[in-house]
Amino acid sequence: MHGEKRKIAVVGAGAIGGITAAVLTGAGLDVEVVCKHQETTDRASSPGLHVFGLKGDLTVPVKAVKNIADLSGLKDVVFLATKATEAVNAAQELLPFLHADSLVVSQQNGICEEALAKLIGRDRVIGCVVGWGATMHGPAELEMTSEGEFVIGNIDHRPDPRLAVIQEMLGEIVPTRISNNIMGELYAKLIINSCINSLGVLTGLRLGPMLAMKRVRIIFIEIMQEAMAVAAALGIKVEPGGGGKLDYYDFLARKGAISVFKRHLMVRIIGFKYRRVKPSSLQSVERGRKSEIDYLNGYICERARDHGIPTPINDAVVAIVKEIEAGSRQISLANINEPIFARI
């Protein structure tokens, strides 16, 4: 990690990975991006990754390879921007390109850090919350749709001077904050993603119109309630989410009609702020790929079973999303009218 010119890899050229690779390259850093698909690889090299939206409009040629095995050599820092479903396999392929001091920054939705640590070593893994939104419109066509931040931290919650290096790099993209409770930050993001991504797949809507609907908000809040019960059983202190403005404990604790009104109002505000965001799981399913449901609501359900905690709404959401993935159910607003949801 010493020296001015660090060798950087970005694994994944989707919305987050592609923007990360383009902006870091544009800032003069030595970046190589793994694109997975040949068309994206070719376009990333020339004319370049096209980034537009809230980051402005720029096209940046980036050193690009199709496969991890094609990387040019050892890397000091790897930004792992694959889907959660692909993270562990990608890390396995990365092992020949990691030296003793390499850092792997996990940028997945969901919580993959523990699984990655078992494979590549705890000291190499840096937890990272991606608190901004982006959409991939096609190969190398990447739109930043909402502002926000990165949050990074040591997964053992100890001081780590190496984090300053990552903070400086990611600060080229959006403000980047170091947390001493990164697992609590990750769980906070897990909760909001479990609400947004699963309901996005069920309804087929962007956040604005989706969270304007009362029935969706009711399910959203119940997903959150169950997730927080699981966090308590796991001993996780959940940090504020939604850009630091949503204290889950306070949000869910109060009773009465006024508190219910305020909860719905807060969810509507989230929907308005991020109204143009298209949930990443919906993007995946529309492209015929699997969503990350097993690492979001599925993670909540699995941990709940470990502790004997009932999570009927999350269980139902997981089942419906899997039916949609299997082609036995359509993406439709009718999905939110299932009997199980009428009971809450």
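Mentor: A salt bridge is a side-chain nitrogen of Lys or Arg within 4 Å of a carboxyl oxygen of Asp or Glu. Asp123, Arg158, Asp160 and Arg162 are linked in a network of such bridges. The model is predicted, so local features need pLDDT of at least 70 and side-chain atom pairs pLDDT of 80 or more, while totals for chains, interfaces and linings use all residues. Residues are numbered from 1 along each chain as its sequence is written, and side-chain values use heavy atoms, leaving out hydrogens and water.

Trainee: How many salt bridges does the rule give?

Mentor: The count is 21.

Trainee: What makes the contact of Arg177 and Glu185 a salt bridge?

Mentor: Their side chains meet at 3.0 Å, N to O. The cut-off is 4 Å, so the pair qualifies. Asp250 and Arg254 also meet at 3.0 Å. Arg303 and Glu302 meet at 3.2 Å.

Trainee: Why is Glu185 called buried?

Mentor: Buried means under 20% relative accessible area, exposed over 50%, and partly exposed in between (1.4 Å probe, protein chains only). Glu185 has 8%, so it is buried.

Trainee: How do you know which class Arg303 and Glu302 belong to?

Mentor: Arg303 has 18%, so it counts as buried. Glu302 has 39%, so it is partly exposed. Asp250 also has 39%, and it too counts as partly exposed.

Trainee: What makes Phe261, Leu265 and Ile269 a patch?

Mentor: Patch residues have over 30% relative accessible area and no salt bridge; like charges are joined within 9 Å, nonpolar side chains (Val, Leu, Ile, Met, Phe, Trp, Tyr) within 5 Å. The nonpolar patch covers about 310 Å², with areas from the Shrake-Rupley method.

Trainee: Where is Leu265 found?

Mentor: In helix H10, residues 257-273. Helices are DSSP runs (H or I, at least four residues), and strands are runs of E (at least two), numbered from the N terminus.

Trainee: How do you know that the length of H10 agrees with its 17 residues?

Mentor: The expected span is 1.5 Å times one less than the number of residues. For H10 that gives 24 Å, and the end C-alpha atoms are 24 Å apart, so the two agree.

Trainee: Which residues of H10 are buried?

Mentor: They are Ser259, Arg263, His264, Val267, Ile270 and Gly271. Down the axis of H10, these buried residues fall within an arc of 140 degrees (directions from the axis to the C-beta atoms), so they line one face. The face turned away carries the exposed Ala257, Ile258, Phe261, Lys262 and Phe272.

Trainee: What covers the buried residues of H10?

Mentor: The cover includes helices H6 (182-203), H7 (207-211), H8 (214-234) and H9 (248-253). Contact means heavy atoms within 4.5 Å.

Trainee: Why is Asn297 called buried?

Mentor: Asn297 has 0% relative accessibility, so it is under the 20% limit. Asn297 lies in helix H12, residues 297-307. Asn297 touches Ser194, Ser198, Ile223, Asn314, Val317 and Val318, not counting residues up to four places away in sequence.

Trainee: What is the phi of Ala140?

Mentor: Ala140 has a positive phi of about 65 degrees although it is not a glycine. Ala140 sits in the loop between strand S9 (133-138) and strand S10 (141-146). At 1% relative accessible area, Ala140 is buried.

Methods. Accessible areas come from the Shrake-Rupley method with a 1.4 Å probe; for residues, only the protein chains shown count as cover.
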